[in-house]
Amino acid sequence: MNVFELLILQPIFNVLMFLYGIIPGHDLGIAVILFTILVRVALWPIAKKQLHQSKLMRQIQPQLSVIRKKAKGNKQLEAQMMMELYKENGISPFGSIGLLLIQLPVFIALFSAINVFAHSRADITKYTYDFLQAIPHIKEVVAKPDSFNHMMFGVIDLTKSALSATGWVAVLFFVLAIATAILQFYQTKQLMPQPKDKRRLRDLLKDQAAGKQVEQTDVMAATTRQTMFIFPVLMFAIAVTMVGALELYLFATTLVGYLQQQTVLGKDTEEMEELAAEKDAPAANKGKKTAKSRAQSAKTAKVVQKPKRSKKNA
């Protein structure tokens, strides 16, 4: 085995095999859903930090507009001021790609594992850890690879795609692909800034051609809104060509990701900023009093400094 197979593919293959071996009915579809939830839970700390960064990026959009106006086309000055703003708010410009960099090899490994189950069952013995063969059903599958159950609920063939399946199963896979694309749309929309001016890119370009002054930030925002529709279309195109097990994984991970995103972005803004800044400024916060403690200290000092009445005045 090469390094990828040894360090990424084999562990993921065996997690999926373990889930498949212990769940009642030994259903590959249920195993894929449980695997998806486990992956999302394991990546939750990274996902949470990424969402904090995204929320802060949305909040500083007005300040970025001010910076672009101040820079007056000086890209070097603009970049310097933007980096200072990011640093002040505890934002990492590349913090949003961390989750993608981790999820991509996981998806590739899962794709390879599903291919083993679907088309190369003779390799099941090669990838299965020895200690997992103590589980009775896994031991049976290793001895007879063709006994592996690739069906979901006993009727849905997860080795077929929306394009290769027939009848109601093909319809089901197409519906699943559409649902995944819709979830992807709303997931992307949640993270995008919502400017007050939501004019279409076409209208902005017409105004610019007519000699009217158009803010570049408005053009960028309009362009970004258009790309928001591209990702769901790509997701749909990818989903319909994949085997059912991978399409199920795409749907499940997008759904769980959307729910996680709803949870984090719905929390208090002040809490999000505090959590996002912990990594960049732990020392700066050390020893600082909270607003409540400062108020209490001021109250105590006022009481202590209150002049006492003299006996003469009494």
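How many aromatic pairs does a search of the whole structure find? I searched and found 8. I counted rings of Phe, Tyr and Trp (its six-membered ring) as paired if their centres lie within 6.5 Å, with planes under 30 degrees apart called stacked, over 60 edge-to-face and the rest tilted.

I note that this is a predicted model, in which local features need pLDDT of at least 70, side-chain atom pairs count only at pLDDT 80 or more, and totals for chains, interfaces and linings use all residues. Residues are numbered from 1 along each chain as its sequence is written, and side-chain values use heavy atoms, with hydrogens and water left out.

I looked up Phe107 and Tyr249, a tilted pair at 6.0 Å centre to centre with 35 degrees between the planes. Phe107 lies in helix 6 (residues 98–119) and Tyr249 in helix 13 (residues 244–265), so the pair ties together parts 142 residues apart in sequence. Helices (H or I, at least four residues) and strands (E, at least two) are DSSP runs, numbered from the N terminus. I found both Phe107 and Tyr249 buried, meaning under 20% relative accessible area, where exposed is over 50% and partly exposed in between (1.4 Å probe, protein chains only).

I then examined Phe117 and Phe148: the ring centres are 4.3 Å apart and the planes at 5 degrees, so the pair is stacked. Phe117 belongs to helix 6, and Phe148 to the loop between helix 8 (136–143) and strand 1 (151–152), 31 residues apart. Phe117 is buried at 2% relative accessibility, and Phe148 is buried at 3%. I recorded one aromatic cluster formed by Phe13, Tyr20, Phe117, Tyr127 and Phe148.
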